[in-house]
Amino acid sequence: MHQNLQKIVSRVVIALGLAHGMIASAAAPVAPPPSKPVMTKSSGDFGPPQGPVIHAVLTSPPFVPPPTNRKFPAKVIVELEVVEKEMPISEGVSYTFWTFGGTVPGSFIRVRQGDTVEFHLKNHPDSKMPHNIDLHGVTGPGGGAASSFTAPGHASQFTFKALNEGIYVYHCATAPVGMHVANGMYGLILVEPPEGLSKVDHEYYVMQGDFYTTGKYREKGQQPFDMEKAIDERPTYVLFNGAEGALTGDRAITAKTNETVRLFVGNGGPNLVSSFHVIGAIFDKVRYEGGSNVQKNVQTTLIPAGGAAVVEFHTKVPGSYVLVDHSIFRAFNKGALAILKVTGPENKSVYSGKELDSVYLGDRSQPNMQAVSTAAKNAASGTLTQQDQVQAGQALFAGTCSVCHQANGAGLPGVFPPLAKSDFLAADTHRAIGVVLNGLSGKLTVNGTAYDSVMPPMNQLNDDEVANILTYVNNSWGNAGARVLAEDVKKVRAIKAPAAAAAH
């Protein structure tokens, strides 16, 4: 009996012990051993760098470094120098830009998703300001700005992992931030997906920015930054790649027919949103806002200040394709215009072949603006000749006046009066200047024929341009040969003009 009782008690104790163990186990489970982080495209972490250290190839606009062509993440060293330098912003107009790598926009940077980037920022000893860099492709406070504040003559270094693929803006973020960006301190960094981008025939780098000078649009000389205009968001210039005409004439980007063009398009701002459009092309694909989604068959894409996009299209017929901000006065009156020249055989089944009107393309779209540059330089040095003016005026006339008045000055019968052998022009040079500056509407008689139409004011032209165009007209098509000087235009401009009709 006693032995049986002992067995029963023992079994109860064991049962209670087991039950207690199960309860304790449920209350405080033993954690499994830590697992390794999952390395996927979505996380952007493909593990530690592999292979030798790579020094990034940086390119100046409009050129783009070659694809990375790597199947693994690497350690990539990027070395970028800040340089403050005076450069042309328009013909005969200079501006002190603050730059990454000596250009506006700054050097193009290309890495692969998952790369570990060791970034070296140097500030040239001749700089007057400290600078830093905020890369929108960096995951971390300030995008690197707090780690890269660099005084003149110094260098800074920080490291980041490129976790997200896409096209990203970088810019200076030193106070006052707006002033640093407005002076040209921005660029693009491309983080390729692991599989790379699809193959194309051409890649180009185009970046818009708005600039604020104390002088008016195309006013000659060295122009300082105007903080009040910048705060009020009233830009003097809106430009592609830092200068009017930076991508026109012999500096235009190029392709051949039946090729694919990829444009990495950024908007440095600091203020304006870009309505990016290529006249005569439809974008086959747009990676809008620089992200991973693709929109197809796009005419115009919005690019916010501090944003970017990738646009691709196929060239089918030859000609000059004009890149603009389709907030259209920015293109033709503030400089936001560039050219893609496409050469190759015609394709009449796609396009019949008539060129766009040159007045629509704008004066900076002409094939060669060298004569305008020569006239501006000679005017600055005091050696400007009448022949310099005639040649510059011819180039400007082709892009400003020729559609209405025709390339031969004949005008359009019953609509626009002739400039050839014009008694109206010959009678009063100052009146002719006033017509260009202030416009003219209503009835007038030229060479015995009555006209009743409207000419809009051309007050976007500066004094030199008006003088050169009128000198060209006065010395062409049987006219008397009078010379008009910038000083003459300046005097007429100073006289308050009556209100002119705005229509054409």
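Reader: How do the residues of the lining of the largest cavity divide into nonpolar, polar and charged?

Author: The model is a predicted one. Its largest cavity holds about 120 Å³ of space and is lined by 13 residues, with Lys 220, Val 372, Ala 376, Asp 464 and Asn 468 nearest its centre. By class, the lining divides into seven nonpolar, one polar and five charged.

Reader: Which element gives the most to the lining of the largest cavity?

Author: Two or more lining residues come from each of α6, α7 (386-400) and α11 (463-474). With four residues, the element that gives the most is α6.

Reader: Which residues lie nearest the centre of the second largest pocket?

Author: This pocket has about 700 Å³ of space. β2 (75-90), β3 (93-100) and α6 (370-381) each supply at least two residues of its lining, which divides into 13 nonpolar, twelve polar and six charged. Of the 31 lining residues, those nearest the centre are Pro 88, Ala 243, Glu 244, Gly 245 and Arg 251.

Reader: The side chain of which residue is joined to that of Glu 244 by a polar contact of 2.4 Å?

Author: The side chain of Glu 244 has a polar contact of 2.6 Å with that of Ser 90. The polar contact of 2.4 Å joins the side chain of Glu 244 to that of Tyr 217.

Reader: With which residue does the side chain of Gln 222 make a polar contact of 3.2 Å?

Author: At 37% relative accessibility, Gln 222 counts as partly exposed. Beyond four places in sequence, Gln 222 touches Glu 86, Ser 94, Tyr 95 and Thr 96. The side-chain polar contact of 3.2 Å is with Thr 96.

Reader: Which residues have the most contacts inside the largest nonpolar core?

Author: In soluble globular proteins, nonpolar side chains tend to be buried together. The largest nonpolar core here has 28 residues, and a second, separate core of 27 residues includes Ile 89, Phe 108, Tyr 212 and Ala 230. Inside the largest core, the residues with the most contacts are Leu 263, Phe 276, Phe 283, Leu 323 and Leu 340.

Reader: Which residues does Leu 263 touch, not counting those up to four places away in sequence?

Author: Leu 263 is among the residues with the most contacts inside the largest core. With sequence neighbours up to four places away left out, the residues touched by Leu 263 are Tyr 204, Ile 253, Phe 276, Ala 309, Val 310, Val 311, Phe 313 and Leu 323.

Reader: The backbone oxygen of which residue lies 2.6 Å from a polar atom of the side chain of Tyr 321?

Author: Tyr 321 is in strand β20 (residues 319-325) and, at 10% relative accessibility, counts as buried. Its contacts beyond four places in sequence include Val 278, Ile 279, Leu 340 and Val 342. The backbone oxygen that lies 2.6 Å from a polar side-chain atom of Tyr 321 is that of Val 317.

How values were computed
Residues are numbered from 1 along each chain as its sequence is written. This is a predicted model: local features need pLDDT of at least 70, side-chain atom pairs count only at pLDDT 80 or more; totals for chains, interfaces and linings use all residues. Side-chain values use heavy atoms; hydrogens and water are left out. A nonpolar core is a set of buried Ala, Val, Leu, Ile, Met, Phe, Trp, Tyr and Cys residues joined through side-chain atoms within 4.5 Å. Buried means under 20% relative accessible area, exposed over 50%, partly exposed in between (1.4 Å probe, protein chains only). Contact means heavy atoms within 4.5 Å. On a 1 Å grid over the protein atoms alone, a cavity is a set of points where a 1.4 Å probe fits but cannot get out, and a pocket is an open set with protein on both sides within 12 Å along at least five of seven lines; lining residues have an atom within 4 Å of a point. Grid points are joined across faces, edges and corners, and a volume is the space filled by probe spheres set on the points. Ala, Val, Leu, Ile, Met, Phe, Trp, Tyr, Cys and Pro count as nonpolar, Asp, Glu, Lys and Arg as charged, and the others, Gly among them, as polar. A polar contact is a pair of N or O atoms within 3.5 Å; within protein, one must be able to donate a hydrogen and the other to accept it, and residues adjacent in sequence count only if both atoms are side-chain atoms.
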